[in-house]
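Q: Can we go through this model? Start with the terms, then the details.

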Amino acid sequence: MDYFRSQFSDLLSYQFTPVQEFHHPVLHEAGVRLIIKREDLNHPFISGNKWWKLKYNLEEAHRQKQKTLLTFGGAFSNHVYATAAAAREAGFGSIGIIRGEEVLPLNATLRFAQSCGMKLYFISREAYRKKSEADFIADLGERFGNFYLIPEGGSNALAVKGSAGFTLTLSSLSYDYLYLAAGTGGTIAGIIAGTDAAKQIVGVSALKGNFLQQEVEGLLHVYEKAEGISVNNKNWNILNNYHHGGYAKVTPALLAFIKETKESYNLPLDPIYTGKVLWAILEEAKAGLFRKGSTILMIHTGGLQGTAAYKELLV
Ligand SMILES: *Cc1c(COP(=O)(O)O)cnc(C)c1O
């Protein structure tokens with residue numbers, strides 16, 4: 001039997017990952033405790049939330065007897081990287097439709113995707129905007145034949161389901177606030193669906209703008225419809241003011257913060273998502289926004305691969 005195909009069942013289960021206690025003078029001052037669920041350690045290549053989001057999609061593609069996964073993303077996309085790795089492990093072919101012009105040599109993210117056998121096609125930003133339209137998808141079908149389509153960022157009803165399932169691994173933890181990064185919103189939608197309303201769930205948007213609330217509500221509806229259930233948890237909100245300039249934008253202060261967090265606190269963070277989350281938690285603590293004596297749980301959603309591609313860009 002194909003080696004990677006034999007790994008398929010492993011890909012469908014949640015892994016045990018550690019919880020790291022994070023001490024920091026700002027938190028001490030605010031009288032709160034911060035624990036970090038290290039989901040970045042759940043898989044070497046399909047890291048963090050990308051695993052949860054892909055797992056039921058892999059199963060569904062398998063059930064449909066599809067041979068190829070097709071998805072979309074930017075040149076630094078953790079989702080493209082994870083999908084390429086998952087396709088290889090589960091024995092699918094893969095196609096990545098990449099936003100923007102091809103830049104050679106390819107960056108570390110795309111080199112890795114290609115090394116997993118993913119075929120990359122670059123399309124203009126204009127064309128990319130049409131990626132959810134029926135005509136565009138029909139054209140892809142003519143060009144590539146049958147495939148299992150996973151939307152940008154992997155966010156669909158099955159991704160929400162996988163993220164909801166992940167919350168079972170948090171059931172032994174005691175906390176009052178749950179913080180995580182949000183991009184397309186599929187992950188936080190699942191966390192909302194899987195968490196009891198006694199906890200305040202906070203998404204830190206990695207993007208500029210304030211459309212995420214609506215995106216998350218939309219994904220929750222899609223999930224409710226697909227599963228025939230209703231999600232009544234309203235105890236969540238999105239913070240839109242910690243994006244540091246927008247998606248994949250950074251500030252020197254943010255990069256310095258990430259460096260210090262790694263060196264002094266033994267916590268690796270990425271500049272696109274998780275670095276912005278810890279930054280937000282410390283800022284909110286400074287502003288006295290947490291109840292004294294409470295515990296904050298931060299989910300480390302992974303994405304550390306992006307740092308490598310980023311460094312190439314910065315040097
Ligand atoms: C993709 C990603 C996110 C965003 O997840 P969404 O479901 O798109 O909101 C958050 N953190 C990391 C590390 C990611 O790679």
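A: Buried means under 20% relative accessible area, exposed over 50%, and partly exposed in between, with a 1.4 Å probe and protein chains only. Lys and Arg count as positive, Asp and Glu as negative, while His and the chain ends are not counted. A salt bridge is a side-chain nitrogen of Lys or Arg within 4 Å of a carboxyl oxygen of Asp or Glu. The model is predicted: local features need pLDDT of at least 70, side-chain atom pairs count only at pLDDT 80 or more, and totals for chains, interfaces and linings use all residues. Residues are numbered from 1 along each chain as its sequence is written, and side-chain values use heavy atoms, with hydrogens and water left out.

Q: Which side chain of opposite charge is nearest to Asp270?
A: Lys276, 8.0 Å away. Asp270 is buried and has no salt bridge.

Q: What does the Asp270 side chain have a polar contact with?
A: The side chain of Thr274, at 2.5 Å. A polar contact is a pair of N or O atoms within 3.5 Å; within protein, one must be able to donate a hydrogen and the other to accept it, and residues adjacent in sequence count only if both atoms are side-chain atoms.

Q: New topic. Which polar side-chain atom lies 2.7 Å from a ligand oxygen?
A: One of Asn78. A backbone N or O atom of Gly185 lies 2.8 Å from an oxygen atom of the ligand, and a polar backbone atom of Gly186 is 3.4 Å from a ligand oxygen.

Q: How much of the ligand does the protein bury?
A: 98% of the 380 Å² that the ligand exposes taken alone, by the Shrake-Rupley method with a 1.4 Å probe; for residues, only the protein chains shown count as cover.
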